[in-house]
Amino acid sequence: MEKRTLGKTDLEVTRLGFGGARIGIEDTPHDRIEAVLDTLLDIGVTFIDTAACYDNSEELIGRFIGGRREEYVLASKCGHVTGEATGEPWSRETIVESIDRSLVRLGTDRIDLMQLHTCSTEVLRDGEAVEAVMQAKEAGKVRYVGYSGDGEDALEAILMGVFSTLQTSFNLVDQKARAEVLPAAREAGMGGIAKRPMANGAFGQGASPYNYADVYWDRAQQIEIPEGAPEDPFALALRFTLSHDAIDTAIVGTNNPEHMRKNIETVGEGPLDQGILESFYAQFQALGDDWEQRT
């Protein structure tokens with residue numbers, strides 16, 4: 001599978017990454033989670049993304065593949081109050097506690113990429129959160145610092161010039177980032193990470209797969225699939241996202257090892273034809289004035 005270097009870092013990642021939210025939030029048997037994590041490493045996925053606030057996601061990753069730590073680039077997120085902490089969100093105390101907790105739960109002595117998790121422009125400008133995560137980098141707890149967020153907040157993070165990567169929502173029914181956010185991040189030399197690259201599995205389905213996907217499912221009902229597009233809606237959605245050079249890696253969550261294998265095959269099919277992309281661009285432009293980028 002094709003690999004990219006994330007921006008100006010030395011982190012080499014596969015175009016398909018793994019998002020750890022689902023394994024932490026959903027009630028999945030542990031033997032199945034272990035199979036998913038082992039499978040993704042066995043088939044060559046090298047980027048794993050999680051967060052301190054994804055319930056026990058970090059702990060499961062540390063438990064089941066902590067012993068294979070040298071095989072993957074590890075990313076997490078901080079800022080929310082987690083565990084037994086009692087501090088304020090985005091405070092220095094909370095971020096220090098969160099990063100130390102993540103190191104223990106992930107079973108590692110360093111996290112390759114620590115991302116401030118969807119904090120606002122006001123929090124970024126205040127400076128305390130940024131200083132705290134940068135101090136963790138200076139202390140060797142994390143190697144690089146990124147920002148995870150969307151819209152005007154993402155643009156503020158980009159303009160600050162201190163973050164190595166940007167993680168933002170981008171898919172065929174959530175294209176707002178294509179206009180300003182992704183070009184600005186690329187111009188700043190930041191690595192691009194797409195969250196929700198398959199529109200939460202809502203595109204092309206007869207009903208919304210779960211409540212959080214309702215917005216994307218509603219949008220998808222208004223999109224016409226152009227002639228010549230892949231018939232598999234999941235493959236179509238993933239290939240749309242990875243057709244954009246500003247996206248270095250797209251993180252997909254699953255609790256099914258076979259779905260991960262199928263996604264690998266999809267990535268190998270390459271970008272969509274330009275005519276298909278243009279059709280989706282035009283439809284989004286006509287329909288999406290009020291379709292805000294998901295946070």
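1. The model is a predicted one, and the points below should be read accordingly.

2. Arg4 and Glu2 meet through their side chains in a salt bridge, with an N to O distance of 3.2 Å. The two partners can be set side by side in terms of burial: Arg4 has a relative accessible area of 15% and is buried, whereas Glu2, at 44%, is partly exposed.

3. A salt bridge also joins the side chains of Arg92 and Glu131, at 3.1 Å from N to O. This pair links distant parts of the chain, since Arg92 belongs to helix α4 (residues 92-106) and Glu131 to helix α6, 39 residues apart. Arg92 is partly exposed at 30% relative accessibility, and Glu131 is partly exposed with a relative accessible area of 43%.

4. The closest N and O atoms of the two residues are 3.4 Å apart. Glu269 is partly exposed, its relative accessible area being 43%; Arg239 is buried, with a value of 14%.

5. Salt bridges with shared partners also build a network, which joins Glu2, Arg4, Arg15, Arg186, Asp245 and Asp248. The pair of Arg4 and Glu2 described above has both of its residues in this network.

6. The largest nonpolar core holds 81 residues, and those touching the most other members are Leu37, Leu40, Ile48, Ile99, Leu116, Tyr147 and Phe163. Helix α6 (residues 128-138) supplies the largest share of this core, six residues. A second, separate core has ten residues, among them Leu11, Phe47, Val73 and Ile251.

7. With neighbours within four places in sequence left aside, Phe163 is in contact with Leu116, Leu124, Val130, Val145, Gly146, Tyr147, Ala157 and Met190.

8. Thr9 is found in the loop between β1 (3-5) and β2 (12-14). Is Thr9 buried or exposed? Its relative accessibility is 7%, and Thr9 therefore counts as buried. A polar atom of the Thr9 side chain lies 2.7 Å from the backbone oxygen of Leu6, and the side chain of Thr9 also reaches the backbone nitrogen of Leu11, at 3.0 Å. Not counting residues up to four places away in sequence, Thr9 touches Tyr144 and Ser164.

9. Twelve helices and ten strands make up the secondary structure listed for the protein. The radius of gyration is 18 Å, close to the 19 Å given by the globule rule for 295 residues, so the protein is as compact as a globular protein of that length. Its C-alpha atoms fill a box of roughly 55 × 45 × 35 Å along the principal axes.

10. Of the 295 residues in the protein, 58% are buried. Among contacts with a separation of 6 or more, 75% are between residues 24 or more positions apart. The protein exposes about 12,500 Å², of which carbon and sulfur atoms supply 46%.

Terms used: Residues are numbered from 1 along each chain as its sequence is written. This is a predicted model: local features need pLDDT of at least 70, side-chain atom pairs count only at pLDDT 80 or more; totals for chains, interfaces and linings use all residues. Side-chain values use heavy atoms; hydrogens and water are left out. Helices (H or I, at least four residues) and strands (E, at least two) are DSSP runs, numbered from the N terminus. Buried means under 20% relative accessible area, exposed over 50%, partly exposed in between (1.4 Å probe, protein chains only). A polar contact is a pair of N or O atoms within 3.5 Å; within protein, one must be able to donate a hydrogen and the other to accept it, and residues adjacent in sequence count only if both atoms are side-chain atoms. Contact means heavy atoms within 4.5 Å. A nonpolar core is a set of buried Ala, Val, Leu, Ile, Met, Phe, Trp, Tyr and Cys residues joined through side-chain atoms within 4.5 Å. The radius of gyration is taken over C-alpha atoms; the globule rule is 2.2 Å times the number of residues to the power 0.38. Accessible areas come from the Shrake-Rupley method with a 1.4 Å probe; for residues, only the protein chains shown count as cover. A salt bridge is a side-chain nitrogen of Lys or Arg within 4 Å of a carboxyl oxygen of Asp or Glu.
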